[in-house]
Amino acid sequence: MENNAFDRAFEEERLKKTISLAKEQLSALRAKREEKEDEIVYLKKEMTEVTAHSIPNLWSTDNFYDLVQLSQYANSVSDKAAGHDHESNKIMTLERIIDSPYFARIDFKFDNKDAAENIYIGLSTLLDEQTYKIYVYDWRSPVASVFYRFTTGKVSYEAPAGTIHGEVSLKRQYEIKDGKLEYFFDADIQIIDEFLRLLLSKNASPSMKSIVETIQRDQDIIIRDMETDLLMVQGVAGSGKTSVALHRAAYLMYKGLSSNLSSNDIVIISPNTLFERYISNVLPELGENNVDTVLFEQILRSVLKTEDIQSRNEYLECLLTSGDKKYRDLLKSSMEFKCSDKFTGILKRFITELPNKRIEFSDVYYDGKHIETRQLLKMKLLKQNKGALLAFRLEQLEKSITESIHEKRKMRMKKLSSIISRQPVHVFEAEEVARMLSILESTALIKNIRKFTRLDCFSLYKELFADKNSFYRLAKGIKLPDNIEEIINFTLKNLEKDRLQYDDALALVFLNLKTKGYTDYAGIKQVVIDEAQDYHPIHFEILNALFSKARFTVLGDVNQTIGKHEDISLYDRLRNILNRKKSALVTLDKSFRCTSEILAFSSQFLDSKSGIRSFSRSGDVPKVIAAGSPSALDDLIIEEISTCQEKGYRSIALVCKTEQDSISLHERLKSRTDIRLVKSGTVIDLSGVFIIPVYMAKGLEFDAVLLCDVDNRHYNSEDDKNLLYIACTRALHRLNLFYTGDKSVLLQ
């Protein structure tokens, strides 16, 4: 891109000054860090010597002042180490600034000023600490929103002091690499689109990258929203919703400097380990610590304290590979019912009646006396605070029983000691034997008490289905599936297995949370949920119970649902379950990933009213290619891989409907080309050639996609339309589809 000589010289000089300031700060910071490292080593050595030689009996009263001195050493070391970590992070930030300090500039004249100010925008702030002049503004600063939301002319933005008005006379973007100015251009809408088109025409990255240079206006509004407690984003494939959510997390951490929000206060619920790896570089690239990502299966295992749980991918594989339609329909209807608000309603009624009908209280005896009757115990429990969790109320009941027994234990000990002392064999050890007998008595008694004060949620859940009369009584007024008897029998059969099915695990976690609670996530303030369209009401009930004080950012696309039907009403149900004070639904309807031709081809699998807009980037028209035999199919796939490699594509995905199909194709092709197999639990960088089941490809993108099994046996139902849409919209530049036998009826 050509620039005039004057502007070029000005920008070169500005860049030189910026990098010089960053290098000066980096040099001073490195020297300071080395000095601090020496201090830490010295303090640790001194503390070790003090501990070893001066305080032989550390915890005695005599050495209290020595202990205070040691504590002061430890605090000093801790403070120095924390400062050292902070400086290390700042050093990395400065190193990034030296490589590429900024990517944009706006010339902004504040309404109360005479001249425009040159505002340079980058990943991080660079401040001259002597003059307090800001050389680079962080992309998350209030004034930077002007760059994302406006062209030249009259503008305004929100700042802590209120609404700031002014005028933008110039918008400029830069490409700076290794501290060198490659090019810059003055941006209007047409040129910005061309710049974005140029970026999108490049190869896909093995992992997701930041989009700070190309954030769109509607994306920026989502990123900077600080008012909404529940922000829901319905975004079409390729609209950048996951990137936006990660940039939003970075923005919240930036704002957290004043609101005490750190990376430890945010959690991302991720669909699988591959996706977790794919997004892991974005926040560090933005200069923030990575936040915790959690798979929903990890939550299930943590709450239930077992690894023997079917994963969602395993459930999907079972659903998609079963040749028995009756079994497949039962699997699906069981999942739909047990994850529905109807079943959670039944579970809530079940929990409410537990104290009255399900807990088998027994009389409590101690020292031959009647301490508590079962009727009195039940009455005490029912009179307790009904707002408290049942497990807590039962613990309080147990505590009151043990306290009343404790008062009688001394008398019991005397009686036991008296009885034992009369036996010649124990005459000299009566007290010890009495104490041992008392412990055994107490242990047996506590064991009996805990039969009704400790909840066994698995047994209770099993009992719910085993007692059908009770089940139907609890379900009164709730419309049950036509095949409810089959679902009940199917569930009872599954509960006899060593491994919990996915739908039963969800229900059991709900039962645990509503009766026992779970505090591991109590401190989380912000939750990001991706692929929300694949979640059922029970998922959101669980998330609401786990993150009761958090705000939510929820991302989904109802057109990318697998294993169930979904529509826009999803967000109304979600709003009702999470029940936050202020909620909003935002739609991102423009796709930036695919070429126009790929998006047009993919749209055949959607409702004609889907309203997806294309960013309008051109490429090859996708082809549907027939092969006369499986060996001919393999030849065509190998040929297509070679073509993609010749075009310079770095990520080439062979997408199959299931993992079973992926394994079969991998076996046939692995001796003919360098190819990797992606299965459940696989964690790899997405570069080269690989085979992947369609349900694992969600959220990812590749230079080229080959759908390898679009015959009518694999794709023939309404549910399969979504699978084809998902698979096709993974492709950035090239998409071709292959089949043997009869072509899928879903392909027009």
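**Burial, ring pairs and cavities in a predicted model**

With a relative accessibility of 0%, L274 counts as buried, a class that covers residues under 20% relative accessible area, whereas exposed means over 50% and partly exposed lies in between (1.4 Å probe, protein chains only). The structure is a predicted model in which local features need pLDDT of at least 70 and side-chain atom pairs count only at pLDDT 80 or more, while totals for chains, interfaces and linings use all residues. Residues are numbered from 1 along each chain as its sequence is written, and side-chain values use heavy atoms, with hydrogens and water left out.

L274 is placed in helix 7 (residues 273-278); helices (H or I, at least four residues) and strands (E, at least two) are DSSP runs numbered from the N terminus. When residues up to four places away in sequence are not counted, L274 touches V678, T682, V683, I684, L686, I692, M696 and L700, a contact being defined by heavy atoms within 4.5 Å. The C-alpha atoms of L274 and D685 are 8.5 Å apart in space, although 411 residues separate the two in sequence.

For the protein as a whole, 25 helices and 23 strands are assigned. Of its 748 residues, 51% are buried. Among contacts between residues at least 6 apart in sequence, 72% join residues at least 24 apart. The accessible surface comes to about 35900 Å², and carbon and sulfur atoms account for 50% of this area; the areas derive from the Shrake-Rupley method with a 1.4 Å probe, and for residues only the protein chains shown count as cover.

Aromatic contacts were examined next. A pair of aromatic rings is described by the distance of the centres and the angle of the planes. Rings of Phe, Tyr and Trp (its six-membered ring) are paired if their centres lie within 6.5 Å, with planes under 30 degrees apart termed stacked, over 60 edge-to-face and the rest tilted. F592 and F615 form a tilted pair, with a centre-to-centre distance of 5.5 Å and an angle of 45° between the planes. This pair links distant parts of the chain, 23 residues apart: F592 belongs to the loop between strand 16 (590-591) and helix 22 (596-602), and F615 to the loop between strand 17 (613-614) and strand 18 (623-627). Relative accessibility is 13% for F592, which therefore counts as buried; F615 is buried as well, with a relative accessible area of 6%. Ring pairs also join F337, F343, Y461, F465, F471 and Y472 into a cluster.

Charged side chains are also found over aromatic rings, the criterion being NZ of Lys or CZ of Arg within 6 Å of the ring centre and within 35 degrees of the ring normal. K171 lies over the face of F147, 4.9 Å from the ring centre. The ring of Y715 has the charged end of K657 over it, at 5.5 Å from the ring centre.

Five cavities of 30 Å³ or more are present in the structure. On a 1 Å grid over the protein atoms alone, a cavity is a set of points where a 1.4 Å probe fits but cannot get out, and lining residues have an atom within 4 Å of a point. Grid points are joined across faces, edges and corners, and a volume is the space filled by probe spheres set on the points. The largest cavity holds about 60 Å³ of space. Its lining consists of R312, Y315, L316, M335, Y502, D534, H536, H539, I562 and G563. Helix 10 (residues 312-321) gives the most to this lining, with three residues.

Backbone geometry was considered last. Most residues other than glycine have a negative phi. D178, by contrast, has a positive phi near 50°. D178 is located in the loop between strand 6 (162-177) and strand 7 (180-186) and is exposed, with a relative accessible area of 63%. For N579, phi is also positive, near 50°. N579 occupies the loop between helix 21 (570-578) and strand 15 (583-588), and its relative accessible area of 60% makes it exposed.

Note on methods
1 Å grid on protein atoms, 1.4 Å probe; cavity = no way out; pocket = protein on both sides within 12 Å on 5 of 7 lines; lining within 4 Å.
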